[in-house]
Every structure is written in C-alpha cells, then in structure tokens.
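Here are my notes on the model you sent, arranged as numbered points. Please read them with the structure open beside you.

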Amino acid sequence: MIQTIPLNKLVPSKRNVRRRSDEVADLQLRADIEARGLLQNLIVTANKKPRGTFAVEAGGRRHAALKALAEAGTLAADVEIPCLVLDDLGSAVSEASLAENFQKLALNPADECLAFQHFIEQGSDVEGIARRFGVTVRFVEGRLRLASLAPVVFQALADGEITLDVAKAYASTPDRERQAHVFDQMSRGYGGAHPDSVRRMMTQATVSASDPRARLVGEDAYLAAGGRIDRDLFADDSSTRWLDIAILERLASEKMEETAAALAAETGFAWVRPTLDRYVDWQQTEGLTRVDLPAPELSDAEQSQVAELEAQAAERVGVLEDEESSEADRAIAEAELEALEKAIETITDKAPVLPDELRPSVGAFLVLGPDGAPRLHQTLYADRPDVAGVDEIEAAGDADADAPARVVGLSQRLTDELAIQRRDILAVHVAADPDFALDLAIFLMVDRSPARGTVRYGSTLSARAPQEPVIGFRTPEAAATLARNEADERLERSWIRHETVEARFDAFRMLEPEQRAAWLGNAVAGSLEASVGGIGASLCRFHDHLGTLLDIDTAAWWRPTAANFFDKVTKPVMFETLEQIDGPALAARYASAKKADLAATCERICAGDFIGEVGTKAAARAWLPAAMRFAADASEAKAAPRPTDVDGLVAGDEQKADALDEPVSAEPRAAA
C-alpha cells in the first residue's frame, strides 16, 4: 500500500543490499530531486523499535539525498514522502531491495545525447542543464558534441556496436564526412574497436615530416609525385605537414616492395612481405606458422669472456653496495657497470641461426622502423600446409609423401569447419586410449626440434626449454649438471635416425616402457624454469612444493663457494652467514678481514673445514642462502647431509631400497 510518511520517520534499513555508492552519482541524484522532486516512491517496512518509524528497504540513495536536502534547508525535515509499505517477510524484503537495484538499466549514451539536445532546442542553456541533472558543464557539452556525430556513427553508438570511448574518438574532429569515411574503413578491421586507432585516423588529415613514411620516401620524391607541403616558417622542419597522404602511402608502399624483393633475393627466403607498420599484427600472420629457432651457443672463448666481464661487474656492484664507498667512487662504478652490461649484451645477444636448407621454405616481414628505415622483423614464418578435403584432391603417383594434398572447389570456411570436425573425431579416440595418449605426449615433447624445419605435428603440446635469466651461464662441474648429462647420455636414441615424423613415432612406440619413461622425465625436467626461494612468488611456491614431495636435500647437491656465491655478495652478507652458523662471535672473529679473504674463509667454513663444535660444523655444512632453499630444507641449522657412496646411494638406503624392491630417488654423486 502506498502512503505518505514524514521524512524524519524514515531510517536506513540494515537489510538493504547496496553497500557502496558513488559520490558523483549521489550529487547528481540530489540535484535531480531538488529540481523535479521525488519521481519514484521508496519501499519501506514498519519498525518495531522505535515505534512509528519505518526502515527504507529499497531507495536508500533517494532517502539519503532527501535527508541531505533537508539538512541543507531545501526541504522541510518532516516533508511527506510517498512510500510503498511492505509486510516484514524477511528474505522477501531483501529480494525486493536486490531486484530494484539489479534490474536497473543504465540510459544509453545516445539517448542521453538526444535528451540534452532536446532541452537545448527547448531554450535551455548548458549551465542550466548541468545544474538540473547534477552533472558538469563539460559532461553536457560532450554529450551534445556526440549528438552531432555522423548519422552512421551515432546509430552504431545507439545500437551498441561501438563503445562510448570509440564514439568520443570519432568526435575528436567535427568533420562528419570524415567521421563516416573513417567509420567505413575502421569498422572492417580489428582496429575499429580501439579508441586510439580511431582517434589517430580521425586526426591524421596530414602527416608530419618526421613520420617514418615521410623519412622513407624523402621530400624530393614526394614533391615530384605531386605531393603538397604546408611549411611553418616560424618553426623547425619537424612541424612541416605533408598534405597528400594517399600519394605518400603509395610511394612508401612502392619503396617497401622494392626493398622486400631485393631482400628476398639476397636472403634466399621464400618471401619477404612489406608493411608500413612497425610491428606485425595477427591479421598479417593469418595462415602462417611461426618458425622457432634456438639462439646460437656461445663458444668457450665467449663464455670465458662473459664470465670475466660478470666478475668485473660484480666488483662494481660491491662498490655500489659498500656503505664506505665515496660518491665519486660510486659514480665511477655505476658508469663502468653500465659499460660492462652493454659489453655482455653484445656477446650474448646473438640472432638465431637459420640453417641454409630451410631458407627456401620460410619467409619474413619487412617492417618500417621509427627512423624511416626498412628492417626485417626478427620472427620467421612458414606457410601452413593446405588441408586435404573431400571433393577434389590433386595427388597422384610419385608425389612427395610429405607434400600436402590441395583442396579444389571448397571455400576456406568450409575447409576449416571440416578440419575442426575431423580433429574432434581424432581427439575422441586419443582420449579413449590413455597408453597411446601418453606415448603421443612424450613423442611431441621430445621430437620437436628446430632442425626438423617446418614439420607440423598437429598439436600445441611441447616441452620447450625456458629462457634462462642469465645467458651463457654454465656450471659444468656441478653435481646436478653432471647427473643431468649422465641421464641424457643413457637415453635410447635409435628412433631418432628415421627421416619422417610418422616413422619416428612408430619407432619410438617400439621402445621399452622404461626407455620411453626416461624420455618423459628428461623432457619435463628440461622445461623447468629457473626460480629462487624465499620471495613468495607463485612459481617459487610451486617449486617449493615439488621439492617437498621429492624430499630434496639441497645441501647434498650444492655448497656455497667463493666462486659461485661469496665473491658475488657484499661483506655484510658474509658476516650474516657466519652469524647464522654460530652467532655474532664467529662473525666478529673476521671483522677486519678483506673481502677476498673473507669469501675464502666462508667457503671453508661452509664446507666444514674448520675447528669447531660438532653442532656448529653440522650447521655450517647445512647452511644455504634463502634463494637456494626448497621447503624440504627444514631450516638453516638442520643436520648435515648424509655421506654418499660411489653409486650415489645415501648410506643406509640400500637396505631400504632392497626392502621396497624399487629404485631409490636421485642422490648426488658429489657436492659441487
């Protein structure tokens, strides 16, 4: 039942589902109620305490606006408010509050534009409309400008085909003819949905002389082709505007095509496709497959050079981290460190090597750099093989077995639809045979290789080696490296010699189960990314979990030495290490030691090569920096790692292995 209730008898309900509001929207609502009064009643329930009051279950924002107007003196405190009084039925009241808020439909921006334009035509001014609706003058002006958009653009906004931000981009210039032209061009491609792309096209009526296309073509060639230039006599040449974009685009495209043809002949690539963009987008690579090539390995001489440069860089870092360094020394060290990092990057940042036999089957894109210079994009692509269809197949006789059959008479859309359905049929059968699926998964992970060229496996499954955070870093004598190399040497490789992927897969499936399992372990292990402990990142936490499940004892595999750790940290870090091993007294004993001597001392102590208590030696032999710990490493002071025999089995585990009649988990042959 609708009845009027004094405003001072209305209180907010604790059951109202709205918990947050918008300050600007609340001010707009307050202004609207002040201008036109309350247009929609509130929904309330009678309170038991205090009697005579009512809880506002729905319409809380309107109630708050009314109270604010009463406090400002605009309304009387006891003004009668129309309310729908509901019986207090618990959840039904909350549902009413939720329904009122949930079912609201925001006004379409196009409708707002027409509404404001209507008020202007009726004689209102911008300031009056803004004041009446509680919005800013700029907001009203913006909507009025949108109302003058080209009809095709405005209709797209009204129909929800473009967003408000995209519509604003079209309104960046008032030229309705250009708006319609750009809309026609942009609505056909991916960029039409991006405000920045639209705004750039709307404002690109001219081109600056510093534009990459202008730099590529050159002013003389542009003028000779009939292009016009608008010069600012009071500014530099960068402000010169080129007026005929169509001429510029044609000349730039022709020059890029000439350069692409020359590069295709020079490189031996199957094709080089030019683009006036700086990057290659997804539309340009449709129908192509990316060719992944490994970065070339560093030679022994290059690795030694990088190691020497990194050692010099570590010395400069030590100067920067040393609290006793002067500002002058810090400045010199910082400049030298920057030069060393560039020198390291020059050696390690090698372009991938493309085997000569693959050149005729791959292609590249020629992009336009910001300086106007054409350059080959570093990523290489190959044409995807045609998909065999069901109507007409051009295949016969002695055709190359690896050459794809070609479809004639089928549209690309139909071909793709048939391909999806064929794939699903294959997937059903693979999923129904777990043993076959496991063989296929292992094979896909281990057979992929850049040396295979552009062979396609019809699956996204792979086990690519991750990008290492330090390029060229090697630990040839480390226990883990030696163990991985030995495991790799034991892999059965007879299946690799077959030429075709089909023959290799069949031969791989003929291996013994333990041989296939060894390849699986090797592939998964090779896909693991580098991570450090103690920083809480999700990758590191998951690796911690894996280390716990595998019961990894890091101290049995890795010990900190001067070369791999202490030479690369500051003296305070080394003192902290000694304190963690045996308290402040041990650290104080070497307080006056030079950094090199202190590093050698820490190495010796962490190896247990010193005179001390049994517990102290155990703590020293078990100490690890936080970055090297797994969750399985119980603490800094846990018991020393157990000695291993020549076969890598921890003492005492032989009997355990015999009792379980199963292999013992991997143990180190020697701690590095």
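1. Asp 32 sits in helix α1, which covers residues 23–36; helices here are DSSP runs of H or I with at least four residues, strands are runs of E with at least two, and both are numbered from the N terminus. Asp 32 is buried, at a relative accessible area of 15%, where buried stands for under 20% relative accessible area, exposed for over 50%, and partly exposed for what lies in between (1.4 Å probe, protein chains only). Once its neighbours within four places in sequence are set aside, Asp 32 is in contact with Gly 37, Leu 39, Arg 132 and Phe 133, contact being heavy atoms within 4.5 Å.

2. A word on the basis of these notes: this is a predicted model, in which local features need pLDDT of at least 70 and side-chain atom pairs count only at pLDDT 80 or more, while totals for chains, interfaces and linings use all residues. Residues are numbered from 1 along each chain as its sequence is written, and side-chain values use heavy atoms, with hydrogens and water left out.

3. For the protein chain as a whole, the assignment gives 25 helices and 15 strands, and of its 672 residues 31% are buried. Among contacts with a separation of 6 or more, 64% are between residues 24 or more positions apart. The chain exposes about 41,300 Å², of which carbon and sulfur atoms supply 53%; these areas come from the Shrake-Rupley method with a 1.4 Å probe, and for residues only the protein chains shown count as cover.

4. The largest nonpolar core has 27 residues, and Phe 269, Leu 354 and Leu 380 touch the most other members; such a core is a set of buried Ala, Val, Leu, Ile, Met, Phe, Trp, Tyr and Cys residues joined through side-chain atoms within 4.5 Å. Two or more residues of this core come from each of α11 (212–217), α13 (245–267), β11 (363–368) and β13 (380–383), with α13 giving the largest share, 9 residues. Beyond its neighbours within four places in sequence, Leu 354 contacts Phe 269, Leu 293, Arg 359, Val 362 and Leu 380. A second, separate core of 23 residues includes Met 574, Ala 599, Ile 605 and Ala 620.

5. An open sheet of 3 strands, paired antiparallel, has the order β6-β8-β7; two strands count as paired if DSSP finds at least two bridges between them. Its edge strands are β6 (207–208) and β7 (229–230), each of which pairs on one side only. Strand β7 is joined by 2 bridges to β8 (residues 241–242), the two running antiparallel, and Ile 229 stands opposite Trp 242 in β8.

6. The structure holds 12 salt bridges, a salt bridge being a side-chain nitrogen of Lys or Arg within 4 Å of a carboxyl oxygen of Asp or Glu.

7. In the salt bridge of Glu 338 with Lys 342, the closest N and O atoms are 3.8 Å apart. Because Glu 338 and Lys 342 are 4 residues apart in helix α15 (residues 327–348), about one helical turn separates them. Glu 338 is partly exposed at 45% relative accessibility, whereas Lys 342 is exposed at 52%. Asp 488 also forms a salt bridge, with Arg 493, at 3.0 Å between the closest N and O atoms; Asp 488 is partly exposed at 29%, as is Arg 493 at 35%. Through salt bridges that share partners, Glu 315, Arg 316 and Glu 336 join into one network.

8. Two backbone details are worth checking by eye. Lys 49 and Pro 50 are joined by a cis peptide bond with omega of about -15 degrees, and Pro 50 lies in the loop between β3 (42–46) and β4 (54–58). Asp 551, although not a glycine, has a positive phi of about 55 degrees; Asp 551 belongs to the loop between α21 (538–549) and α22 (571–588) and is exposed, with a relative accessible area of 61%.
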